Amino acid sequence: MANKEEKPTQQLAVANQNQNALVFDTIEHFNNAQRMCMCLSTANMLPKHFQGEANLGNCMIALEIAQRGQIPVMEVFQNLVPVNGKISWLAQYLIGRVNTCGRYSTLTWESEGDGTEKWRMRARAVELATGEVLTGS
């Protein structure tokens, strides 16, 4: 019976270790991630910049970002885009993250200089803990 009691604890310990296993930490993690990404890169449900063997590296980096940020893998794959060799997030995704994080009021938008060359749009929210109004650049 002692073995049966120890087994769930051992499984939990392994699960916790794997949860913190980042793609580039060890060769074993790298090889496991590469196997996962080879499968993911064949999915036509992912954006083109993650599809095919030529984009395997993009998949590996996205997987690393998902693990580091503790974000569901598909959430990262659907909202991460490369722009001129740099990683960027879709604006609608970032807006959604701010609106649902619970630290701020829902974003509102402020327009200035309509119809002029100095037109700009800024995001505004209230930090719920302090009541401070936060305004974007």
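Mentor: Helices (H or I, at least four residues) and strands (E, at least two) are DSSP runs, numbered from the N terminus. By that rule the protein has five helices and five strands, and their order along the sequence is α-α-α-α-β-β-α-β-β-β. Keep in mind that this is a predicted model, where local features need pLDDT of at least 70, side-chain atom pairs count only at pLDDT 80 or more, and totals for chains, interfaces and linings use all residues. Residues are numbered from 1 along each chain as its sequence is written, and side-chain values use heavy atoms, with hydrogens and water left out.

Trainee: Why is cysteine 59 called buried?

Mentor: Buried means under 20% relative accessible area, exposed over 50%, and partly exposed in between, using a 1.4 Å probe and protein chains only. Cysteine 59 has a relative accessible area of 0%, so it is buried. Buried residues make up 23% of the 137 residues in the protein.

Trainee: And what makes cysteine 101 partly exposed?

Mentor: Its relative accessibility is 39%, which lies between the 20% and 50% limits, so cysteine 101 counts as partly exposed.

Trainee: Which residues touch the most other members of the largest nonpolar core?

Mentor: A nonpolar core is a set of buried Ala, Val, Leu, Ile, Met, Phe, Trp, Tyr and Cys residues joined through side-chain atoms within 4.5 Å. The largest one has 17 residues, and Cys37, Phe50, Ala62, Val76 and Phe77 touch the most other members. Helix 2 (27-40), helix 3 (56-69) and helix 4 (73-79) each supply at least two residues of this core. Helix 3 gives the most, with six residues.

Trainee: What is alanine 62 in contact with, leaving aside its neighbours within four places in sequence?

Mentor: Contact means heavy atoms within 4.5 Å. With those neighbours set aside, alanine 62 is in contact with Phe50, Val76, Phe77 and Leu80.

Trainee: Last one: why is phenylalanine 24 called partly exposed?

Mentor: Phenylalanine 24 has a relative accessible area of 46%, so it is partly exposed. Phenylalanine 24 sits in the loop between helix 1 (2-19) and helix 2.
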